[in-house]
Amino acid sequence: MLLSWCRGLNGHIFWQFTKGWILFLLMGGLFWFLPTIVEHLHGMLGLRPGPLAKNLFDNHLFIILGCFIGAWVALEGQAKALAQQKAHPSNRPNFQARIRHLARKAGLSRTPDIIIIDAPVPGMIGLNAAAAGSIFHGNQILAIGGVIELLEDREEEVVFAHEIAHLIHLDVPARAIIMAGQMAIRWQKWLVLMMTCFAGVAGPELWGDFRVLVITWLCISLVQLCYSLLAAAHSRCREYLADAGGLAIAGWDYRDELVAGLIKVGHVMSGKSPFKLLQKTGMEIFASHPDAGNRAAVIGVKYRADRHGNVRLTEE
């Protein structure tokens, strides 16, 4: 994960960058040392694995490798499918010119492929701006649904500068690596669950292993929860850094438009009013994106809300 410096936010950027790498390493360590964690738990509880549970993690490294290959294949498959929907030069030429302009400002050697998806796609969010890509298909910028028509010109510029910042920071491959870790923990968890079911019905000779496997499954479930919370926190760091990167590309005076654009997209995606989107819920720990109110506060955008729930951004 790389970073972009932005006037007025350098302290915040350094903290998010440092925290992001700490979280990234913690996630890797959490899965890599999963067998050690389980072994120590067995020792603390005085459990002795029998023949079925003793070699539980013999395939641990193969699972890691398989899931990394699977995540890479999935990333390439997604990028290939998106590449087939690359926008024709006559489709929203002003928008495509804006993306080329932002790519030049960001210092990219090549403009990302521009993917415009107007019709809803099964399994895909109905409206959004996003960054994607892969090794073989390069960087991609996605405009999904009516996001181009939804945003004003300045909002569109800074929102898509935010997405280009994701590409500069290598957030797409970072997301794939984290997904591989999540897949690996799920595979290990399901393997233990299947072995637990077998031990439960096999007879008294495996009931000792059954107890060990139940505890192991609970331990892996707890590790999976911790990993998910770390992944969500890491994603929030990436979003804060992409906000800063977007402002570094578009300009510091685009702060209001960034918040307004994020609120518009969030309103359509979630159905929540701008007033609710700007409220600090206290549930951010479970979310992959920071609360809009926190994002606005970080970049110094102030707002007022009346008793009817209407929100107005203000410099006061």
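For sorting residues, Ala, Val, Leu, Ile, Met, Phe, Trp, Tyr, Cys and Pro count as nonpolar, Asp, Glu, Lys and Arg as charged, and the others, Gly among them, as polar. This is a predicted model, where local features need pLDDT of at least 70 and side-chain atom pairs count only at pLDDT 80 or more, while totals for chains, interfaces and linings use all residues. Residues are numbered from 1 along each chain as its sequence is written, and side-chain values use heavy atoms, with hydrogens and water left out.

**View A. The second largest pocket has a volume of about 280 Å³.** Of its 16 lining residues, Leu 75, Ser 134, Ile 135, Val 172 and Pro 173 are the closest to the centre. A pocket here is an open set of points on a 1 Å grid where a 1.4 Å probe fits, with protein on both sides within 12 Å along at least five of seven lines; lining residues have an atom within 4 Å of a point. The lining splits into 12 nonpolar, 4 polar and no charged residues.

**View B. Helices H3 and H7 cross at roughly 135°.** Contact (heavy atoms within 4.5 Å) involves residues including Leu 75 of H3 and Val 172 of H7. Sorted by type, the contact residues are 14 nonpolar, 3 polar and no charged.

**View C. Helix H2 (residues 34-45) packs against helix H8 (residues 207-250).** The angle is about 130°, with the axes 10 Å apart. Leu 34 and His 42 are among the H2 residues that meet H8, where the partners include Val 212 and Cys 219.

Conventions
Grid points are joined across faces, edges and corners, and a volume is the space filled by probe spheres set on the points. Axes are lines fitted to C-alpha atoms, for helices over the stretch in contact, and angles run from 0 to 180 degrees between N-to-C directions. Helices (H or I, at least four residues) and strands (E, at least two) are DSSP runs, numbered from the N terminus.
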